[in-house]
Amino acid sequence: MSPFLLLVGRDLRLALRQGGDAAMVVAFFVLTVVLFPFGVGPEPELLQRIATGIIWVTALLASLLSLERLFQADFDDGSLEALALLPLPLEAQVLAKCLAHWLVSGLPLTVVAPLLGLLLHLDSAGYPILVLGMAIGTPVLSLLGAIGAALTLGARRGGVLLSLLVLPLYIPVLIFGVAAVEAQIAGFPSRPHLLLLAALLILALGLVPFAAAGALRQAVE
Amino acid sequence: MSDASSVIAAHSVPATPPDDGFAGRHLACRRGERLVFHGLDFTLPSGGALVLIGPNGSGKSSLLRIMAGLTPPFAGALSWNGVALREDRAAHRARLHFIGHADALKPVLSAQEMLGFWTRMRGGDADAVARALAQFGLGAAAELPCRYLSAGQKRRLALARLIASPAPLWLLDEPSTGLDSDGAAQLLAAIAAHRRGGGSIVLSTHAPLDLPDAAYLSLSEFRPSRSEAGGALA
């Protein structure tokens, strides 16, 4: 097996053995979305209008939850030093860890999102685009979050700092993710919004490994 | 153990890097605002051993991290067989094992899985993992999650990385910490086999280790005087 896949496998195994990370992210997502009908009232028309926004905003927050641990555990136990000295470049390792993070956070969120849409009376035309948009958008969340997680290594109250750093960067994903679903429901083409989301993903795939690897090298120095 | 003849003096080595082995020239290290050491030269031929000695805070760990390429030197340069390290960092990473103070183990993974991961990331196979576990007396503990290992067993597991995947340069920061006499003997045997195969080793230690033909480098000789420290950072 290639070193890249070995690292993905190790992170997945750690996430599953330590349990909780993936389950916690999904549980937070579901519980928070369920709070909204209690808060704003159960009128189907109102919920239908804000359903996409609720799902996307909550997904952003849920994916933030497990980001703090992305490099922190490796930093604390000395693994990060050892990883930085492996022949596999740190840039590729960042991608591997982001892929593992997405598989246990973004992917479950994408799978659960349509069920929550049902709960909020989301218009039936919106479901395929909601899932497609989240499938393209949630990897961007893991990637952008990796920069924040690498920069806040060793900082006190790193989790709060991480949220402040990363949430503003999530805004474009939120805008296009919601706009794609809204456009589809209103009868307009959703394709341009999805393409913009895909462009964000490509941009993040190209730039994040270098930014995050640079921050990690600073952290182990 | 630091009699004058075995200590590598600062000015007895030529300024050009040698064609053979690992060498550093005019190295300086700064931690925060403090110059830890400066003007440090060393040469390590293949098969050689270099023991770093000096009081706490004299920069032994810092020098090892500079040698590993984790920390850039504040001044000076390192070379391997005459080629400057900063020109080929990937090749340097591939040829070294660095074992620091932390054991780099995950509580939920078994000893075998943990060693298997680090070994296969360097291209080693399962046989090498089993051999390395046996050689460090961890055969019976192979299936145990790392959280059940004692401090000494964790240290042995970290050191087993050295022999599970071969690398010509070992950089060990106080490797015998926490080891019992059996563990220390296994470490010395591994080091001897490594050197017989042409491998070289740099280690820092406070406990005397029985290493034949080792060169000693006393870090306190390169500590800057108060005026030099001020001048270098001005």
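Select Asp213(B) to begin; this residue is found in the loop between strand E8 (200-204) and strand E9 (215-218) of chain B. Helices (H or I, at least four residues) and strands (E, at least two) are DSSP runs, numbered from the N terminus. The model is a predicted one, in which local features need pLDDT of at least 70, side-chain atom pairs count only at pLDDT 80 or more, and totals for chains, interfaces and linings use all residues. Residues are numbered from 1 along each chain as its sequence is written, while chains are lettered from A and ligands numbered from 1 in the order in which they are written.

Remain at Asp213(B) and inspect the backbone: phi is near 55°, a positive value in a residue other than glycine. Is Asp213(B) buried or exposed? Asp213(B) is exposed, with 9 other C-beta atoms within 10 Å. A residue is called buried if 20 or more other C-beta atoms, placed from the backbone, lie within 10 Å of its own, exposed if 12 or fewer do, and partly exposed in between.

**Strand E1 of chain B**

Next, select His26(B), which lies in strand E1 (residues 22-31) of chain B. His26(B) has a positive phi of about 50°, although it is not a glycine. With 14 other C-beta atoms within 10 Å, His26(B) is partly exposed.

Now display H3(B) and H4(B), which pack at an angle of about 125° with their axes 9 Å apart. Axes are lines fitted to C-alpha atoms, for helices over the stretch in contact, and angles run from 0 to 180 degrees between N-to-C directions. H3(B) and H4(B) are therefore oblique to each other. In this terminology, angles under 35 degrees count as roughly parallel, over 145 as roughly antiparallel, 65 to 115 as roughly perpendicular and the rest as oblique.

H3(B) passes H4(B) in a right-handed crossing. A crossing is right-handed if the near helix is turned clockwise from the far one by less than a right angle, and left-handed if anticlockwise. To view the contact, select Ala111(B), Gln112(B), Leu115(B), Gly116(B) and Thr119(B) in H3(B), which meet Ala126(B), Ala128(B), Val129(B), Ala132(B) and Leu133(B) in H4(B). Two residues are in contact if their C-beta atoms, placed from the backbone, lie within 7 Å. By class, this contact of H3(B) with H4(B) has 7 nonpolar, 3 polar and no charged residues. Ala, Val, Leu, Ile, Met, Phe, Trp, Tyr, Cys and Pro count as nonpolar, Asp, Glu, Lys and Arg as charged, and the others, Gly among them, as polar.

The crossing of H4(B) past H5(B) is right-handed. On H4(B), select Ala128(B), Val129(B), Ala132(B), Leu133(B) and Gln135(B); they meet Ala160(B), Ile163(B) and Ala164(B) in H5(B). The residues of this contact divide into 7 nonpolar, 1 polar and no charged.

**Where the chains meet**

Display both chains together. How many residues does the contact take from chain B and from chain A? It takes 20 residues from chain B and 18 residues from chain A. On the side of chain B that touches chain A, the elements giving two or more residues are helix H2 (89-94), strand E6 (96-99) and helix H3 (111-120) of chain B. The residues of that side divide into 13 nonpolar, 2 polar and 5 charged.

**Chain A**

Colour chain A by secondary structure, which comes to 10 helices and 0 strands. The radius of gyration of chain A, taken over C-alpha atoms, is 18 Å, close to the 17 Å that the globule rule gives for 221 residues, so chain A is as compact as a globular protein of that length. The globule rule is 2.2 Å times the number of residues to the power 0.38. Of the 221 residues of chain A, 46% count as buried.

Select helix H3 (residues 44-65) and helix H7 (residues 106-119) of chain A, which pack at about 155° with their axes 11 Å apart. That makes H3(A) roughly antiparallel to H7(A).

Finish at Ala149(A), in helix H8 (residues 127-151) of chain A. With 31 C-beta neighbours inside 10 Å, Ala149(A) counts as buried.
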